[in-house]
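Grab a pencil and work through these exercises with the structure open beside you. Try each one before reading its solution.

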Amino acid sequence: MKFQLGYVSLIAVTVASCSGNRSTNDADTAIKKEDTAMANAPDAPAVNMEYCFYTTEGSASQDTTKVNLHINGNKVTGDMDWLPKEKDARKGTLMGNLNGNVIKALWTYVQEGSTDTLSVDFQLRGNKLAQKPYQYDAKTGKQQTNSAADYTVIYSMKNCR
């Protein structure tokens, strides 16, 4: 009888230890399902990743824009710095959403000591990032994204570190 009781106890301990420390939290499961669905969408970028891009513009490619994106599910955060030569830079943060391979974000930046915002539209294309250009709005006296334009500002991927 002692042998059988010891054997049953050993089996119970083994089964309990094999169950592991799995979480059955519905929120965890929902995030994973959402991430999987997004990753399987046509042309969708990998989720839960960091991406870094840059582009140069100007007559001698002297103006640089850097974009660092963190994609977590459908949420996008990051930084964007516009660094024109011999002009005042715009440096700030991005917050937005990813839908397929399109990112719509709000860029909150500082320029000449003042804080401002600008909506930006990006499209991830493999190892490139494309952006809709800005246009000047005479009514507000500010730049805004030209929503009717195509994604014509092209950034190249770079190492994030």
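Accessible areas here come from the Shrake-Rupley method with a 1.4 Å probe. Keep in mind that this is a predicted model.

**Exercise 1.** Work out what the accessible surface of the protein chain comes to, and what share of the residues counts as buried.

*Solution.* Start with the surface: the total is about 10500 Å², and carbon and sulfur atoms hold 52% of that. Next, apply the burial cut-off, under 20% relative accessible area. With that, 30% of the chain's 161 residues count as buried.

**Exercise 2.** List the elements of the protein chain from the N terminus on, then find which strands close into a barrel.

*Solution.* First the tally: two helices and 10 strands. Now trace the pairing: eight strands close up in the order β1-β2-β3-β4-β5-β6-β7-β10, with antiparallel pairing. Neighbouring strands of this sheet are turned against each other by 30 degrees on average, ignoring direction.

**Exercise 3.** Zoom in on strands β5 and β6 and say how many bridges join them.

*Solution.* Take β5 as residues 102-111 and β6 as residues 114-125; the two run antiparallel and share 10 bridges.

**Exercise 4.** Find what the side chain of glutamine 111 reaches.

*Solution.* Locate glutamine 111 in strand β5. Its side chain reaches the backbone oxygen of aspartate 88 at 3.3 Å and makes a polar contact with the side chain of arginine 90 at 2.9 Å. Then widen the search: setting aside neighbours within four places in sequence, glutamine 111 is in contact with Trp82, Asp88, Ala89 and Arg90.

Note on methods
Residues are numbered from 1 along each chain as its sequence is written. This is a predicted model: local features need pLDDT of at least 70, side-chain atom pairs count only at pLDDT 80 or more; totals for chains, interfaces and linings use all residues. Side-chain values use heavy atoms; hydrogens and water are left out. Two strands pair if DSSP finds at least two bridges between them. Helices (H or I, at least four residues) and strands (E, at least two) are DSSP runs, numbered from the N terminus. Axes are lines fitted to C-alpha atoms, for helices over the stretch in contact, and angles run from 0 to 180 degrees between N-to-C directions. A polar contact is a pair of N or O atoms within 3.5 Å; within protein, one must be able to donate a hydrogen and the other to accept it, and residues adjacent in sequence count only if both atoms are side-chain atoms. Contact means heavy atoms within 4.5 Å. Buried means under 20% relative accessible area, exposed over 50%, partly exposed in between (1.4 Å probe, protein chains only).
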